[in-house]
Amino acid sequence: MRRLINLIILFKEYVVLAALVTLSFFLMASSRTNEIQPLRAMTTVIVGSLQSAGSWIPNPFAISRENSELRDRNILMSSELSELRQAKGENEELRKLLGLKLEPGWKVIAADIVGKTTVFERNMMTLSIGESSGVEKGMPVITDAGLVGKIYATSGGFSMAEGLFNTSLRVAVKTSRTRVDGIIAWEGGDELIVRNIPKALDIQSGDLVVTSEYSTFFPSDIPVGTVTRVEDEQNSLFRKIYVQPAAHPLEIEHCFVVLKDGASDKERSAFESRISDELTKSQKKAGK
Amino acid sequence: MPYLIEGAIAILAVVLQVVLSNAISILGAVPDLGLIYLVWTVIRRGQLAGEIVGFCIGLLLDILSSGSLGSHSLSFAIVGFLLGYFYNEEETEQRIRNWPFLLFVAVGAFLNGIIYYMLFKLASGVGVVDYFLGQAGLAAIYTTIIAVIPMLWSSRRPLY
């Protein structure tokens, strides 16, 4: 017995470890038993209360991570908000386009403006429709607000239009109130200009300017813009009129291409061309 | 009396670890204050005290953390026993007040992780590398860094 006690004392570290390991395994085996559960429940309540009491202490690392996550979410939501706002604007624009009232006989086809380019002083727009949709060179481009421009070139699936802010585009117009005719053009800046309007004719700021019947490209009475000011040309009998465009080419994203009645236009063009040629010939004869 | 104070410190360390776990965690890893106290005890009192204190601290941690009863007590008892092999009565103060204390803590944390992994994680199919590259490794590093505090504290005052 004494030898056994001496042996235990000699190897006490191992004996104690064996006892503790055995006890640990016993505890592990019994940790799920019903006898232990009240103790676990009590400790859970106590620890929960202590943790709750200590929850006011901030964790800078967790706050930093949470801030980072919230920042990411904020960026995501800002992006979604921006998309929603854009969709809302697009929706309103499309609703207006749906309400566009056209004269009987006109055919229009909707198009998206997929690109805008500026070459020298020629502002061009690329439309999402082309020859395959019936678009031809010279067709007017409009929105619900008014005239936008004219088709300049076409391909199978796309077309390019020159907008009103284009030095090469000239449109026959008239004022809707007093029916004064003129040619509108862009010479730079934010406004269009109608030159050579006799001073005697009645034009005032706020007058609506629409397309004239004299144009071979544009149907009549399409709004072009509003007169903003009238200026006398120096040493001249004429005035020039500044017009704010009704549809700003740089701000629109959707438009319509007016599919003209080709037969009547061609007939008119041919007739006007024939008369013009005859007049030129008679002038030459008179000159001789 | 010294034993009572040491017992109170041990309980305080484990309670702080459990109660402040949310406030002091980094990426989910919490420093093992109980292990730091265990290393302190092993360096000062040797293998037998280490395994007994380890068992008691582990059991307290099991009770307070609502974990499997006996799991931490087993691993801490084994850690106390294994670290006890490096006990040297003549170098107690030097070890506690200098970098060997941090080395003991790091080895203890690693051993604790190994034992815990073999007992509870091996069967679940978690890879040992993944385990140590994850929270276990982070917790070991965090525990070692926190152990600098008692090391510096003990270097400014007499141990006994």
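**The barrel and its setting**

Mentor: Of the 288 residues in chain A, 22% count as buried; a residue is buried if 20 or more other C-beta atoms, placed from the backbone, lie within 10 Å of its own, exposed if 12 or fewer do, and partly exposed in between. The model is a predicted one, in which local features need pLDDT of at least 70 and side-chain atom pairs count only at pLDDT 80 or more, while totals for chains, interfaces and linings use all residues. Residues are numbered from 1 along each chain as its sequence is written, and chains are lettered from A and ligands numbered from 1 in the order in which they are written.

Chain A contains five helices and 12 strands, where helices (H or I, at least four residues) and strands (E, at least two) are DSSP runs numbered from the N terminus. The part to examine is a closed barrel of six strands in chain A, in the order S6-S7-S8-S11-S10-S9, with antiparallel pairing. From one strand to the next, the twist averages 40°; such angles run from 0 to 180 degrees between the N-to-C directions of axes, which are lines fitted to C-alpha atoms, for helices over the stretch in contact.

Let us follow the pairing, for which DSSP must find at least two bridges between two strands. Strand S9 (residues 208-211) and strand S10 (residues 223-232) of chain A pair in the antiparallel sense over three bridges, and Val210(A) has Pro223(A) in S10(A) as its bridge partner. S10(A) in turn runs antiparallel to S11(A), to which seven bridges join it. These two strands form a hairpin with five residues between them, and Asn235(A) in the turn has a positive phi of about 55°.

Ile241(A) counts as buried because it has 28 C-beta neighbours inside 10 Å. Two residues are in contact if their C-beta atoms, placed from the backbone, lie within 7 Å. Leaving aside neighbours within four places in sequence, Ile241(A) is in contact with Ile193(A), Val194(A), Ile197(A), Ile203(A), Val227(A) and Val230(A). Glu191(A) is 50 residues away from Ile241(A) along the chain, yet their C-alpha atoms are separated by 9.7 Å. In chain A as a whole, residues 24 or more positions apart account for 59% of the contacts with a separation of 6 or more.

Chain B provides the surroundings for comparison. Chain B has 10 helices and zero strands, and buried residues make up 43% of its 160 residues. The contact between the chains takes 25 residues from chain B and 25 residues from chain A. On the side of chain B that touches chain A, H4(B) gives the most, with seven residues. That side divides into 15 nonpolar, nine polar and one charged residue; Ala, Val, Leu, Ile, Met, Phe, Trp, Tyr, Cys and Pro count as nonpolar, Asp, Glu, Lys and Arg as charged, and the others, Gly among them, as polar.

A nonpolar core is a set of buried Ala, Val, Leu, Ile, Met, Phe, Trp, Tyr and Cys residues joined through C-beta atoms within 7 Å. The largest such core has 45 residues, and those with the most contacts inside it are Val14(B), Leu38(B), Val39(B) and Ile57(B). Helix H2 (12-30) of chain A is among the elements that give two or more residues to this core, as are helix H3 (33-45) and helix H5 (71-83) of chain B. Apart from this core lies another, of 36 residues, among them Ala111(A), Ile129(A), Ile184(A) and Val258(A).

Finally, the axes of H3(B) and H5(B) come within 9 Å and cross at roughly 35°. Leu38(B), Val39(B) and Val42(B) in H3(B) meet Phe76(B), Val79(B), Gly80(B) and Leu83(B) in H5(B). The residues of this contact divide into six nonpolar, one polar and no charged.
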